[in-house]
Every structure is written in structure tokens, then in C-alpha cells.
Amino acid sequence: YGSALLPGEGSAMAAYVQQGKRIPRRGEIGLSGDQISDYEKAGYVMSGSRHQRMNAVRLRKENQVISAEEKRLLLQHAQEQKVKRENEIISGFREILGDKFNTGDEQD
């Protein structure tokens, strides 16, 4: 996921991304995304959103994880499409061979 992340940090963030959840910031661990947004709407400033420099680091790390997950999904989709095309080609060949052998038997 990149060299700027600590060991295990990228995989933990990726787990949240895969589940479609918000990645928790410092001080938010143990709270759900709904609880955090409720606190923010009530006027609380969560500890992770106070410092510009920390926010920049957090955004960079999150973007690294998200882009890596997007790449993984794109590669997975491309692989599925490749297998699908190959199966279509193979079934076409089987159909041609089946027709060829069936017409050969009828001529005898």
C-alpha cells in the first residue's frame, strides 16, 4: 500500500474501504461512522480533524490505500473479462469442431 504506512496500517485501512466504511481517525477508534458524524453534527471537533498537517498525512495515506484497492479491483475485473473472452473462444471452437465431426458422420 505504500512505504509511508506502518506495518499493518494499510491492510487495516483497506478492510474499512472494502466494507465501504469510513476510515476512523485518531481518537475515533471504537466509534461507528454514524456515531462520529452525529458528534460532528452536534458541534464536537474530533481529535483527528484539528491539525492541518495531520489531516494532510491522513488524506495521503487514505488515498494510497484507496488507489491500491481500486487498482486491485480493476485488475480483478480485467482478469474476469479475459477468462470470459477465453471461454467464449473455446466454446466457439467446440461448436465448430462439433459441427465438423457431426457432418462427417452423416456423409458415411
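**Notes on the model**

1. Tyr39 belongs to helix 2, residues 33-41.

2. Before going further, a word on the basis: this is a predicted model, in which local features need pLDDT of at least 70 and side-chain atom pairs count only at pLDDT 80 or more, while totals for chains, interfaces and linings use all residues. Residues are numbered from 1 along each chain as its sequence is written, and side-chain values use heavy atoms, with hydrogens and water left out.

3. Now the overall layout. The protein chain contains three helices and zero strands, giving the order α-α-α from the N terminus on. Helices (H or I, at least four residues) and strands (E, at least two) are DSSP runs, numbered from the N terminus. Of the 108 residues in the protein chain, 16% are buried.

4. Which residues of helix 1 are buried? In this helix, residues 9-18, they are Gly10, Met13 and Ala14. They sit on the same side of helix 1 because they cover an arc of only 105° around the axis; the arc is that of the directions from the helix axis to the C-beta atoms. After helix 1 comes Gly20, with a positive phi near 75°.

5. Back to Tyr39, this time with its partner. One aromatic pair turns up in a search of the whole structure. The pair is Tyr39 with Tyr44, edge-to-face, at 5.7 Å centre to centre and 85° between the planes. For this term, rings of Phe, Tyr and Trp (its six-membered ring) pair if their centres lie within 6.5 Å; planes under 30 degrees apart count as stacked, over 60 as edge-to-face and the rest as tilted. Tyr44 has a relative accessible area of 55%, so this residue is exposed.

6. How many salt bridges does the structure hold? There is one, and it joins the side chains of Glu69 and Arg72 at 3.1 Å, N to O. A salt bridge is a side-chain nitrogen of Lys or Arg within 4 Å of a carboxyl oxygen of Asp or Glu. Glu69 and Arg72 are three residues apart in helix 3, so about one helical turn separates them. Glu69 is buried, at 4% relative accessible area, whereas Arg72 is partly exposed, at 37%.

7. Finally, Ala68, also a residue of helix 3, is partly exposed at a relative accessible area of 24%. The C-alpha atoms of Ala68 and Ala14 are 8.7 Å apart, although 54 residues separate them along the chain. Ala14 is one of the buried residues of helix 1.

Methods: Buried means under 20% relative accessible area, exposed over 50%, partly exposed in between (1.4 Å probe, protein chains only).
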